[in-house]
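The sequence and the coordinates come first.

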Amino acid sequence: MLKTIGRRQLLKTGAAFGVMGLAAPSILRAQTDPIVIAHLTPRTGFLGPMGEYAVMGVDLAVEHINAGGGIGGRMLEVIKEDSVNPQTATTKAERLAERRDVALIMGEISSASALTISQVAARANKLFINTGANSDTLRGQDCNRHMFHVEVQNAMVVNAEGNYLLNNDMVKDKAWYILSADYAFGHDLRNGALAFLERHGGRTVGDDLIPTDATDFSSYLLNIRAAAPDVLISNLAGTQTASFFKQYAEFGLDIPLAGFDYNTVIAWAIGARDFQGTWPCVWTHQVKADGSQAFAQSFMEKYGRPADNQAYLDYMGLRVMADAIGRVGGTDTEALISFLEDPATDFDVLKERRGRFNPANHQLLQEVYAVTALDASEVQNEWDIFTTSDPVPNADQPLEVLIEDAVGGACSF
Amino acid sequence: MVSIFLSQLLNGLLDGFYYMLIALGLSLIFSLGGIVNLAHGAFFTLGAYLAFVLSPHIGFFGALVVAPLIAAAVAVVVERVLFTRFYREDPLYSLLLTFSLAMIIEQSLRWYFGATPRAYAMPDALRGQVFLGDFIYSRYRLFLIAVAVATVAGVWYLLNRTPFGRIVRAGIQNPDILGTLGISLRPYLSTVVALAIGIAALAGVLMAPIQPVHPLMGVEVGTAAFVVVVIGGLGSFWGVVIAAIMVGLVKGLMIGLGQSQFSMMAIYLLMFMVLLLRPRGLLGERITRFE
């Protein structure tokens, strides 16, 4: 036998086994090492309350994914960091992106931070999955081939809410007073609202930009009362929205109130007595789809309170990416981008319709909902202070109608 | 248009009374002990959370009395354990100390209650509006201002018309001479810190119905209070009063002129201009000891 192989062949074979022997631990390790994902989101500051729910959503997703055997047999591990502002977000994103074991970065709520994280991620050739920043410009002129958006963009909520306002005769020939948070997100929503109003024949009688650290709205409320608009539009953000609502009720104004930014956690902070109006939302714990109800129930069991929209986005975002990594068979960035961009790729987003990414701007197209405040007398508990509509758009309309007329410029990858 | 403008000025004036309430305590602690209390906003937040916890049991008006008393009791402990070591030291030490204290209070509240804002409904008795000619105003806010004015008047009376106040004022002017007269300033310092922090907590209780209760709610208030104290002049009662009204008026004026996005900037610009003309603030020339 030895004779037939020959000495040279034996040496070659031996060397090959030797190399394999040396490489084996790393091959074995690669198959059993956890898949590491970095999660950055503001947990302090005025976006902190949403960040708190984002982290709860991520923790629950990790629990569920690992309980189901992980991703292709590998456990999932998430490194969580507080990105209190864009500067901190950049520093932490750089540190995380440099780590070889980090497969991708996800999270964020602030559009400014999301922009800088996406740039860091692109330089490191890693994906950034945006789960909380809404700005149209992130899907437009500031788009990035490495950034995918699980969170809805402003155009989607403006179109959904606008549809409600149109149906209720609150746009054509009506006077709007618009309040917007004075930073990128608020400006973006304001531009969307103004464009929508112009398209449908309305006008403005007031248009204030509010500093993000303002908590007293008495002066604005006096101006609003004097301007006597038909509709008052709030594009405020974070805890500021709660202050505004409470003071709106305090001043006893009865102008119909609507707006394009909504977070359930803020509605709960306002409370049943003072929360009012109709608002667009990516998800609430009242969404009837089976997947949503299963998630809402397990969140309730784990945390003793219902999930909000941010918890849903981070939970679902992580599930979607785990699904993608599993189906692609690894964490290779190029392979993942191609897979996510493929029009045939869709995901269970716990709603009636499956979601898919728009290849032109990487936005996850999905159903949204209109949330309407209940009258205080109808409220049964501290969480169900609103009702949630059927999915928007209707089943006979394509999901693409939601991203029409975005105001963030054209995306070019 | 004129009536809107005047409404804004009046609202700014009323706003000023609220700023006064928080800035006054800050100024008192500095005047007597030389401590720059960066934790003042955190005690304001503590007051709001105490209202949130206590109100279901003793109602809003009960919390309005009990919450400041609890905060004052905490303040006495803080004063005895921490502040006493830093009186008349370089203010840098007390800055670091009170900054840490603020972080500890905020993080403790975050740990126990979470970062999620809490809903706190306004008492029914104070809901609704009041008509003052063409000017329609919130009933609750008028109540808030009445409490603020009564508190500030009470502090003025205490400082200017009582033996306690005379000793405190003497302590502010020259603590060494007070010592040679055999009067210990210690109990007065404790009382003043308790009073000042109790007032901050009272402001927190008053804010709970019109702002969401969350761990960082004191940050904005604390910053505004510092601006007021700096403009008014550290240690000056009337300086604080005048500066608080000025800050409120400037803010109201900017919003009245349709320049709302510059309203906060205008307040800092006011501070800048005052400091340029009077580096010690409007009425701050009397205390030189801590400069």
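Chain A carries 33 positive and 51 negative side chains, and the centres of the two sets lie 12 Å apart; here Lys and Arg count as positive and Asp and Glu as negative, with His and the chain ends not counted, and each charge is placed at NZ of Lys, CZ of Arg, CG of Asp or CD of Glu. The model is predicted, so that local features need pLDDT of at least 70 and side-chain atom pairs count only at pLDDT 80 or more, while totals for chains, interfaces and linings use all residues. Side-chain values use heavy atoms without hydrogens or water, residues are numbered from 1 along each chain as its sequence is written, and chains are lettered from A and ligands numbered from 1 in the order in which they are written.

Side chains of opposite charge can pair when their charged atoms come close. With a salt bridge defined as a side-chain nitrogen of Lys or Arg within 4 Å of a carboxyl oxygen of Asp or Glu, the count over all chains comes to 22.

Taking buried as under 20% relative accessible area, exposed as over 50% and partly exposed as in between (1.4 Å probe, protein chains only), B:R141 is buried at 5% and A:D216 is buried at 11%. Both residues also belong to a network of salt bridges that links them with A:E250, B:D15 and B:K251.

In the pair within chain B, B:R80 is partly exposed at 40% relative accessible area, whereas B:E79 is buried at 0%.

A:E161, in helix α6 (residues 154-167) of chain A, is buried yet has no salt bridge, the nearest side chain of opposite charge being A:R199 at 13 Å. With contact meaning heavy atoms within 4.5 Å, and leaving aside residues up to four places away in sequence, A:E161 touches A:A258, A:G259, A:F260, A:T278, A:W279 and A:P280.

As for the overall build, chain A has 13 helices and 14 strands, which are DSSP runs (H or I of at least four residues, and E of at least two) numbered from the N terminus. Its radius of gyration, taken over C-alpha atoms, is 24 Å, close to the 22 Å that the globule rule (2.2 Å times the number of residues to the power 0.38) gives for 413 residues, so chain A is as compact as a globular protein of that length. Buried residues make up 57% of the 413 residues in chain A.

Most residues other than glycine have a negative phi, and most peptide bonds are trans. The peptide bond from A:V392 to A:P393, however, is cis, with omega near 5 degrees, and A:P393 lies in the segment after β14 (386-388) of chain A. A:E108, in the loop between β3 (102-107) and α5 (111-123), has a positive phi near 80 degrees and is buried at 0% relative accessible area. A:D405 has a positive phi near 60 degrees and is partly exposed at 44%.
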